[in-house]
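Work through the exercises below with the model open. Try each task before reading its solution.

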Amino acid sequence: MILFTVPSSPFGARIRIQAAAKGLTLDIAEPPGGLGSPEFFAINPFGKVPVLRTDEGDIIESAVIQEYLEDCHPEPNLRGTSPMQLAAVRTFTRAVDLYLFPALFGLRGAGGGEADALAKVVEEIGTAVDRLARLKAGDYLCGSSLTLADCALAPAYFYTDLFAGRLGFRSPFEHHQAFTTWWAHVNGIPAVGAVIADLASIAAAPREVVSE
Ligand SMILES: N[C@@H](CCC(=O)N[C@@H](CS)C(=O)NCC(=O)O)C(=O)O
């Protein structure tokens with residue numbers, strides 16, 4: 001299977017973390033023709049990475065790719081077993097996508113020096129993080145082992161920290177010891193730490209922008 005993604009993508013990163021945690025090898029490649037190209041739009045009508053190329057066809061949307069990989073390679077199980085555990089993991093992942101990422105993308109427009117605009121975006125991120133904190137249940141995000149929820153939040157946590165440092169605000173995650181403790185633990189897991197280290201090295205290299 002080939003994962004089309006770009007090195008800085010937090011959505012690609014969650015799949016890479018999942019694959020590593022499952023011991024799956026994915027070939028990682030840039031989107032054919034590049035992001036924004038007609039060739040890539042022919043693959044994904046929305047023009048977004050990641051896309052998983054399988055023998056049966058292409059799959060778009062990171063949350064769907066995650067589920068597909070779990071369906072094809074059930075062990076180790078990263079999405080829970082009981083219907084309630086499955087629901088908890090899906091809820092957390094969905095909340096990251098629907099509420100945290102849109103707030104984070106607001107940083108792109110707010111980094112230009114307008115203090116009020118930045119403060120408003122940081123407040124929105126803070127609200128999303130406060131609400132996610134209420135969903136966290138267990139040493140990991142959902143229970144006592146790594147799940148797809150952890151795979152989804154880790155790259156978002158990394159980018160929140162990165163932009164906090166760059167734009168001079170305190171990461172809202174730091175207001176929640178449950179998250180800082182989780183981060184220290186989860187980032188020490190090789191499957192997570194290796195992908196986060198890759199994001200860090202891309203971020204340290206001159207200019208690559210994460211886009212929505
Ligand atoms: N909902 C999508 C979001 C993916 C997404 O926003 N990917 C960004 C890179 S991090 C992208 O492809 N941006 C290029 C564009 O929008 O032109 C998913 O979960 O896969």
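**Exercise 1. Are H1 and H8 roughly parallel or roughly antiparallel to each other?**

Solution. First, the ground rules. The model is predicted, so local features need pLDDT of at least 70, side-chain atom pairs count only at pLDDT 80 or more, and totals for chains, interfaces and linings use all residues. Residues are numbered from 1 along each chain as its sequence is written.

Step 1. Find the elements. Helices (H or I, at least four residues) and strands (E, at least two) are DSSP runs, numbered from the N terminus. H1 covers 10-22. H8 covers residues 190-204.

Step 2. Take the geometry. Axes are lines fitted to C-alpha atoms, for helices over the stretch in contact, and angles run from 0 to 180 degrees between N-to-C directions. The angle between H1 and H8 is about 150°, and their axes are 8 Å apart.

Step 3. Classify. Angles under 35 degrees count as roughly parallel, over 145 as roughly antiparallel, 65 to 115 as roughly perpendicular and the rest as oblique. H1 and H8 are therefore roughly antiparallel.

Step 4. A crossing is left-handed if the near helix is turned anticlockwise from the far one by less than a right angle, and right-handed if clockwise. H1 and H8 cross in the right-handed sense.

Step 5. List the contact (C-beta atoms, placed from the backbone, within 7 Å).

**Exercise 2. Which residues of H1 and H6 make their contact?**

Solution. Step 1. H6 spans residues 148-167 and packs on H1 at about 135°, with the axes 8 Å apart. That angle makes H1 oblique to H6. The crossing is right-handed.

Step 1. From H1 come Pro10, Ala13, Arg14, Ile17 and Gln18. From H6 come Leu148, Cys151, Ala152, Ala154, Pro155, Ala156 and Tyr159.

Step 2. The contact of H1 with H6 counts 10 nonpolar, 1 polar and 1 charged residues.

**Exercise 3. How do H4 and H6 run, roughly parallel or roughly antiparallel?**

Solution. Step 1. H4 is the helix at 83-110. H4 and H6 pack at about 20°, with axes 9 Å apart. They are therefore roughly parallel to each other.

Step 1. H4 passes H6 in a left-handed crossing. Residues of H4 in the contact include Val89, Phe92 and Val96, and those of H6 include Leu148, Ala152 and Phe163. The contact of H4 with H6 divides into 15 nonpolar, 2 polar and no charged residues.

**Exercise 4. Which elements give two or more residues to the side of domain 1 that touches domain 2?**

Solution. Step 1. Domain 1 is 2-72 and domain 2 is 83-203. Their centres, taken over C-alpha atoms, are separated by 21 Å.

Step 1. Count the contact: 12 residues from domain 1 and 17 residues from domain 2. On the domain 1 side, the elements are H1 and H3. H1 gives the largest share, 8 residues. That side divides into 7 nonpolar, 3 polar and 2 charged residues.

**Exercise 5. Which of the 15 residues around the ligand come nearest?**

Solution. Step 1. Apply the cut-off: a residue is near a molecule or strand if its C-beta atom, placed from the backbone, lies within 6 Å of it. Ser9, Phe11, Lys48, Val49 and Ser62 come nearest.

Step 1. H1 and H3 (62-72) each give two or more residues to this shell. The shell holds 7 nonpolar, 5 polar and 3 charged residues.

**Exercise 6. Where is Pro50 placed?**

Solution. Step 1. Pro50 is in the loop between H2 (38-43) and E3 (51-54). The Val49 to Pro50 peptide bond is cis, with omega near 5°.

Step 1. Take Pro76, in the loop between H3 and H4. The bond joining Glu75 and Pro76 is cis, with omega about -10°.

Step 2. Finish with Glu61, in the loop between E4 (57-60) and H3. Phi of Glu61 is near 75°, a positive value in a residue other than glycine.

Conventions:
Ala, Val, Leu, Ile, Met, Phe, Trp, Tyr, Cys and Pro count as nonpolar, Asp, Glu, Lys and Arg as charged, and the others, Gly among them, as polar. Domain bounds come from an automatic or database domain assignment. Two residues are in contact if their C-beta atoms, placed from the backbone, lie within 7 Å.
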